[in-house]
Amino acid sequence: MSTAEPRARILIVEDEPSLVESLRYALEVEGFEVLTADNAVDGLERARTWRPSLVLLDLMLPGGSGLDVCRQIRAGSDVPIIVVTAKDSEADKVVGLELGADDYVTKPFSTRELIARVRAQLRRAHRAGTFGDTNEILRAGPFELDIDAHEVRRNGEPVPLRPKEFDLLESLMRRVGRVASRETLIDEVWGPSYYGDTKTLDVHIKRLRQKLEPDPSRPRHIVTVRGIGYKFVDG
Ligand code: CA
């Protein structure tokens, strides 16, 4: 038995029982923890509550499209998503990638190929600091954001944040060095159905800077990207 990743957790969202069982077996032999869901609603629910390291997502599901599941998972998480498509649905594959899936496999596929792709995505996520561990801590520069403890530390010292400030910082720290658009941040922190004043975002950014930046008037970590949004810089 090999365990390249420390008990990475794979969520399989797939409604074909025989495929689910063969995947479960192959992944467990490789040392992964496996959870399954056989419809779109449970798949989304488990992706949110179980916080898997990676999601294998079939696109043809009872109870809703896998594409919707993909979009909704991605709205709140950077978890790697590998889309499973049928051979005759090339369009779905493209849409899946556009909605934020990281890779795809086309049925029928070999479990060896699938596991290679799973490992590749987990390595990539691990490097990006987004590995969905049971106690996930995002680190950048002097900052640590401890998801489970819901605590932010600067040089090891806790910095008290309000819930939305925490969520906003998490969104920024999940993409260190990459810009997050205003729309993405509002979506992730206030939800896709938020229709309030977009100045709310700027107010929260300002508060975060006051709490986290050495000189809030000249931010080094929470940087404005004019015309687009904000970016977290770990320097
Ligand atoms: Ca299916």
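Contact here means that heavy atoms lie within 4.5 Å of each other. In this predicted model, Gly229 meets that criterion with Val179, Ala180, Ser181, Arg182, Val223 and Thr224, once its neighbours within four places in sequence are left aside.

**Two residues and their surroundings**

- Gly229 is found in strand S14, which covers residues 229-232, and with a relative accessible area of 4% it is buried, because buried means under 20% relative accessible area.
- Between Gly229 and Arg46 there are 183 residues of sequence separation, and their C-alpha atoms are 30 Å apart in space.
- Arg117 lies in helix H5 and, with a relative accessible area of 26%, is partly exposed.
- When residues up to four places away in sequence are not counted, Arg117 touches Ile82, Asp103, Tyr104 and Val105; for one of these, Asp103, the C-alpha atom is separated from that of Arg117 by 7.9 Å, although the two residues are 14 apart along the chain.

**The calcium site**

- The calcium ion is coordinated by OD atoms of Asp15 and Asp58 and by the O atom of Met60, at 2.1 to 2.3 Å, and along the chain these donors follow the spacing D-x42-D-x1-M.

**Salt bridges**

- Side chains of opposite charge can pair when their charged atoms come close.
- The count for this model comes to 21 salt bridges, each being a side-chain nitrogen of Lys or Arg within 4 Å of a carboxyl oxygen of Asp or Glu.
- Glu21 and Arg24 meet through their side chains in a salt bridge with an N to O distance of 3.4 Å; being 3 residues apart in helix H1 (residues 17-29), they are separated by about one helical turn.
- Both partners of that pair are partly exposed, Glu21 with a relative accessible area of 44% and Arg24 with a relative accessible area of 23%.
- Glu30 and Arg119 form a salt bridge at 2.7 Å, N to O, and because Glu30 lies in the loop between H1 and strand S2 (33-37) while Arg119 is in helix H5 (residues 111-127), the pair ties together parts that are 89 residues apart in sequence.
- Arg119, at 13% relative accessibility, counts as buried.
- Asp68 forms a salt bridge with Arg71, and the closest N and O atoms of the two are 3.5 Å apart; these residues are 3 apart in helix H3 (residues 66-76), so about one helical turn separates them.
- In that pair Asp68 counts as partly exposed at 36% relative accessibility, and Arg71 likewise counts as partly exposed at 41%.

**Helix packing**

- Two packed helices are described by the angle between their axes and the distance between the axes.
- The axes of helix H2 (residues 40-49) and H3 come within 10 Å and cross at roughly 15°, which means that H2 is roughly parallel to H3, since angles under 35 degrees count as roughly parallel.
- H2 passes H3 in a right-handed crossing, and the contact is made by Ala40, Leu44, Ala47 and Arg48 on the H2 side and by Val69, Gln72 and Ile73 on the H3 side.
- Helix H6 (residues 163-173) and helix H7 (residues 182-190) pack with their axes 9 Å apart and at an angle of about 135°, which makes H6 oblique to H7.
- The crossing of H6 and H7 is right-handed, and in it Lys164, Asp167, Leu168, Ser171 and Leu172 of H6 meet Leu185, Glu188, Val189 and Trp190 of H7.

Notes
Residues numbered from 1 in each chain as written. Predicted model: local features only at pLDDT ≥ 70, side-chain atom pairs only at ≥ 80, totals over all residues. Heavy atoms only, no water. Helix = DSSP H or I, 4+ residues; strand = E, 2+ residues; numbered from the N terminus. Buried < 20%, exposed > 50% of the residue type's maximum accessible area, 1.4 Å probe, protein only. Donors = N, O, S within 2.8 Å, 3.2 Å for Na, K, Ca; no water. Axes fitted to C-alpha atoms, helices over the stretch in contact; angles between N-to-C directions. Parallel < 35°, antiparallel > 145°, perpendicular 65-115°, else oblique. Left-handed = near helix turned anticlockwise from the far one by under 90°.
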